[in-house]
Amino acid sequence: MQSLDWEEKKTMEFKGTLIVVKNCNKALKFYQDMFGFELIRDNDGNMELSGNLYLQEEKYWERFTGRRVIPQSHQTELYFEESEIDSFVKKLETLYPDTEYVNHLMTHSWGQRVVRFYDPDGK
């Protein structure tokens, strides 16, 4: 029986998470300010950041896929852990006072403190 190439390679390499944004430069500033991501590559509306995060401008994503972006679709979230969450929230409130929250800082029954919010694009 002849083996197919796709049968030989069982796993595909996961490269990271892509976020569709209205403006890569604005999104880059937010992710740098709040999470310390660094720009690795800028391909005019497509950015690769440290931490395997990718930004792609909405106009390109919609043209490539033929679909519309649905802001605040509540299907995905980026998950980070922060030991100094009070300081993080204060920084967020100071640098980005118009942030829209999914939930403000709260404590789950098991003790984990969390805050959920949208980035400037509503993602």
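A: Helix α3 is followed by G66, whose phi is positive, near 75°; helices (H or I, at least four residues) and strands (E, at least two) are DSSP runs, numbered from the N terminus. The model is a predicted one, in which local features need pLDDT of at least 70 and side-chain atom pairs count only at pLDDT 80 or more, while totals for chains, interfaces and linings use all residues. Residues are numbered from 1 along each chain as its sequence is written, and side-chain values use heavy atoms, with hydrogens and water left out.

Helix α3 itself, residues 58-65, lies across β1, β3 and β4 and runs at about 80° to β4, where axes are lines fitted to C-alpha atoms (for helices over the stretch in contact) and angles run from 0 to 180 degrees between N-to-C directions. Its buried residues are E58, Y60 and E62, buried being under 20% relative accessible area, exposed over 50% and partly exposed in between, with a 1.4 Å probe and protein chains only. These buried residues pack against β1, β3 and β4.

The strands in question belong to an open sheet of 4 strands with mixed pairing, in the order β1-β4-β3-β2; two strands pair if DSSP finds at least two bridges between them. The edge strands, β1 (17-21) and β2 (39-42), each pair on one side only, and neighbouring strands of the sheet are turned by 20° against each other on average, direction ignored. Within the sheet, β3 (residues 46-49) and β4 (residues 53-57) pair in the antiparallel sense over 4 bridges, with M47 standing opposite L55 in β4. Helix α2 (residues 24-35) also packs on this sheet, touching β1, β2, β3 and β4, and its direction makes about 155° with that of β4.

In strand β3 lies E48, which counts as buried because its relative accessibility is 18%. Not counting residues up to four places away in sequence, E48 touches E38, L39, I40, R41, L53 and Y54, contact meaning heavy atoms within 4.5 Å.

In helix α2 one finds F30, which is buried because its relative accessible area is 1%. Leaving aside neighbours within four places in sequence, F30 is in contact with F35, L92, Y96, F117, D119 and P120; from F30 to L92 the separation is 62 residues in sequence and 9.6 Å in space, C-alpha to C-alpha.

In soluble globular proteins, nonpolar side chains tend to be buried together.

T99 has its place in the loop between α4 (85-95) and β5 (101-107), and it counts as buried because its relative accessibility is 14%.
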